[in-house]
Amino acid sequence: SSGNKEALPKRLYDEALIKSVKFISSEAIFSYTVHRGIFIASFNQTLVEDAIRQLNSGTTIISDKNFMRVMNTAGEKSDVNLFINYKTFPDVVATFLKQSTRSTMNFLSRFGNWSELDLTIRESALLLNGYTYSNDSVHNYLNLFAQQEPQDIEITSVIPSSASTMLFFGMSNFKTFHRDYKSYLESQRMFFDYDKTVSSINKKYKIDLEREMLSWIDKEMAIVITESNKKSFTNNSYAIFHSDNIETAKQKLDSLSMIVSQKRKVKTQIIAVEKTKRNKKKKAAEAVVETNTYRGYPINQLKLPKILETLFGDCFGNVEQNYYTLVNDYVVFSNTKGAMKNFINEFLAGRTLDKNSYYMELAKNNLSSAANIYVYSNIARSTTIYKNYVKDEYEKDIQKHLELFRRFEAVAIQISS
């Protein structure tokens, strides 16, 4: 025993001598061995045993054709070559997560097959660049973008500069993308719930939900969480969609909102007005929907809770209440009116990501202007999110080293077809 570490008894496993060290403060056990000239180590002893058996079997990873597709792209002059097996990656990540948040990583097992990333170490940055392979014969999420051109990331022109995390999707043909998404759901045995929900809404309100909600979406969509010091992100979550015809988007959303509100017998506050071509007399619409205008931006609500999650997947599940407004060519959804007012305030004040000097320096020096999938996390602004997901011991570590985290700018990952 030495300080906060305690050496545990050695043991022989399948011709390999496994040594283990227990960390007193966290009770975590680190196991390692050197077998056949290879160093194997993990905080999960079972993984060490699996690696020993694999090594002894004589069957190596190079027999995996999917792995070899990315292995052949590895840069020989890189500081580090990092390989990710998406089938098992969620299990690795889960060792750091709370039991209640582990399921959020399950989708990674369906994302692709393998990634190879070349690590380059710079004075003020770590850069990873590489290749991700997704087998055409397997229904992985990444295959949805196989025929989609990367799109310019213009959505940052409306996203608040206080954004802590952003997940961006770019597609050249949204209609094709969503058709393929439904096929993906079928292959994962998840389409039944999607179809049941959509069919139920169509029957109840006598509408075509997909036509009303999807026909106006074009090129870009994103889920954004702005900085918060609270454990709940309800007032800091936004879903944003680009439209190729913002007036059509408004008409369809307002009409859908009105139909749903009629059925739910929502009280009206504003009388919608229409003009006829023959005269300029104003007529009160038969039914109206509750509307507030804030600084010139109408804020309506589509009372179909969790419909964004149904239509676009779990990553849009943070936005449930569907208050919406239009900002330039984008439709923005939030959970509360207060959250939407904050969004509008930030936009009108010019505090958007594309005007943030730190973000723009990161984007200019390290990122492509276009992508199919783009993950951005401002480390200094995201510590509350990280603490929400990780185990208690890691949450305490983050809190203890908060100042260290705040010295780092951001993590960004881009994937393009």
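1. Two strands are said to pair if DSSP finds at least two bridges between them. The structure discussed in this note is a predicted model. In this model, strand β9 (residues 163–170) and strand β19 run antiparallel and are joined by five bridges. Within this pairing, L167 has V375 of β19 as its bridge partner.

2. Six bridges connect β19 to strand β20 (residues 410–415), and the two run antiparallel. Here the bridge partner of Y376 is A412 in β20. How much of strand β19 is buried? Five of the six residues of β19 (residues 373–378) are buried, so this strand is largely enclosed by the rest of the structure.

3. An open sheet of nine strands has the order β14-β15-β16-β17-β11-β10-β9-β19-β20, and its pairing is antiparallel. Strands β14 (292–294) and β20 stand at the edges; each has a single partner strand, so one side of each is left without a neighbour in the sheet. On average, neighbouring strands of this sheet are turned by 20 degrees against each other, direction ignored.

4. Y324 stands opposite F333 of β17. Both Y324 and F333 are buried.

5. The model also contains an open sheet of three strands in the order β5-β6-β7, with antiparallel pairing. Why does one side of β5 and of β7 lack a neighbour in the sheet? Strands β5 (80–85) and β7 (126–133) stand at the edges, each with a single partner strand, so one side of each has no neighbour there. The twist from one strand to the next averages 20 degrees. Strand β6 (residues 114–121) is joined to β7 by eight bridges, and the two run antiparallel. One of the residues concerned is E116, whose bridge partner in β7 is Y131.

6. Aromatic side chains form a further theme. The structure holds 26 aromatic pairs. Among them is the pair of F241 and F316, which is stacked, with 5.6 Å centre to centre and 20 degrees between the planes. This pair links distant parts of the chain: F241 lies in strand β11 (residues 237–243), while F316 lies in the loop between α8 and β16 (323–327), 75 residues apart.

7. What is the volume of the second largest pocket, and which residues line it? This pocket holds about 290 Å³ of space. Its lining consists of F174, K175, H178, R179, K182, E210, R211, L214, S215, I217, D218 and D244. The elements giving two or more residues to this lining are α4 (174–187), α6 (209–214) and β10 (217–226). Of the elements, α4 gives the most, with five residues. By class, the lining of the second largest pocket has three nonpolar, two polar and seven charged residues.

8. Helices α4 and α8 (307–312) each supply at least two residues of the lining. The most come from α4, which gives three. By class, the lining of the largest cavity has six nonpolar residues, one polar residue and no charged residues.

9. K5 lies in strand β1 (residues 5–13). This residue is partly exposed, with a relative accessible area of 35%. K5 and K22 are 17 residues apart along the chain, and their C-alpha atoms are separated by 5.6 Å.

Note on methods. Residues numbered from 1 in each chain as written. Predicted model: local features only at pLDDT ≥ 70, side-chain atom pairs only at ≥ 80, totals over all residues. Heavy atoms only, no water. Helix = DSSP H or I, 4+ residues; strand = E, 2+ residues; numbered from the N terminus. Axes fitted to C-alpha atoms, helices over the stretch in contact; angles between N-to-C directions. 1 Å grid on protein atoms, 1.4 Å probe; cavity = no way out; pocket = protein on both sides within 12 Å on 5 of 7 lines; lining within 4 Å. Points joined across faces, edges and corners; volume = space filled by probe spheres on them. Nonpolar A, V, L, I, M, F, W, Y, C, P; charged D, E, K, R; others polar. Phe/Tyr/Trp six-rings, centres within 6.5 Å; stacked < 30°, edge-to-face > 60°. Buried < 20%, exposed > 50% of the residue type's maximum accessible area, 1.4 Å probe, protein only.
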